[in-house]
Amino acid sequence: MSVHVEVDTTSGVPVYEQVRTQVVAHVAAGRLRPGDRLPTIRALATDLGVAPGTVARAFRELETAGVVVTRRRTGTVVADDAAPAHVTARHAATAYVRAARAAGMTPDEALDLVRGALLT
């Protein structure tokens, strides 16, 4: 990975979330493009001075969100369809779902709000 990732271990934001959001930001900004390879979990964990499981969690969440894909022979790379606009929208959607769930909204209530917002 040719972009810089750093973590603040004194921050209230979990380290895995710091890694995840920085990778998403790099993709959204075009500094990481589809097919770009991320460092191995172990290498990035060593560079950041964190446990490999922390980086692994960030990579899992990135893969779940469709930002990266992991293949046996190529490692973890930025997904082909990880267009910056799509990544930003996916990230916003994930954050919205978390907020809606925290507010106790049903899926239908949450979707109604999105449909309403799309009408504006």
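Visitor: Where is the place of V50?

Guide: In this predicted model, V50 sits in the loop between helix 2 (41-48) and helix 3.

Visitor: Does V50 count as buried or exposed, and why?

Guide: The general idea is a cut-off: a residue is buried when its relative accessible area is under 20%. V50 has 16% relative accessibility, so V50 counts as buried.

Visitor: Which residues is V50 in contact with, leaving aside its neighbours within four places in sequence?

Guide: A contact is read from heavy atoms within 4.5 Å. With those neighbours set aside, V50 touches V7, V15, A45 and V55. A separate reading concerns R33, which is 17 residues from V50 along the chain: the two C-alpha atoms are 25 Å apart.

Visitor: On to helix 2. Which residues of helix 2 are buried?

Guide: They are L44, A45 and L48. These residues lie on the same side of helix 2, because they cover an arc of only 100 degrees around the axis. On the other side of helix 2, the exposed residues are R42, T46 and D47.

Visitor: What do the buried residues of helix 2 pack against?

Guide: Their partners are helix 1 (15-28) and helix 3. A45, one of the buried residues of helix 2, is also among the contacts of V50.

Visitor: Which residue just after helix 2 takes a positive phi?

Guide: That is G49, with a phi of about 75 degrees. Just after helix 3, G66 likewise has a positive phi, of about 80 degrees.

Visitor: How many residues does helix 3 have, and what span is expected at 1.5 Å a residue?

Guide: Helix 3 covers residues 52-64, which is 13 residues. From first C-alpha to last it reaches 18 Å, close to the expected 18 Å.

Visitor: Which residues of helix 3 are buried?

Guide: The list is V55, A56, A58, F59, E61 and L62. V55 is also in contact with V50.

Visitor: What pattern does the protein chain follow along the sequence?

Guide: The order is α-α-α-β-β-α-α, made up of 5 helices and 2 strands. The C-alpha trace spans about 45 × 30 × 25 Å along its principal axes.

Visitor: How many of the contacts between residues at least 6 apart in sequence join residues at least 24 apart?

Guide: For the protein chain, the share is 49%. Of its 120 residues, 31% are buried.

Visitor: What about surface and charge?

Guide: The accessible surface comes to about 7,500 Å², and carbon and sulfur atoms hold 56% of that surface. The chain carries 14 positive and 12 negative charges, whose mean positions are 7 Å apart.

Definitions and conventions: Residues numbered from 1 in each chain as written. Predicted model: local features only at pLDDT ≥ 70, side-chain atom pairs only at ≥ 80, totals over all residues. Heavy atoms only, no water. Helix = DSSP H or I, 4+ residues; strand = E, 2+ residues; numbered from the N terminus. Expected span 1.5 Å × (residues − 1). Buried < 20%, exposed > 50% of the residue type's maximum accessible area, 1.4 Å probe, protein only. Areas by Shrake-Rupley, 256 points an atom, 1.4 Å probe, with all protein chains shown as cover. Lys, Arg positive; Asp, Glu negative; His and termini not counted. Charge placed at Lys NZ, Arg CZ, Asp CG, Glu CD. Arc of directions from axis to C-beta.
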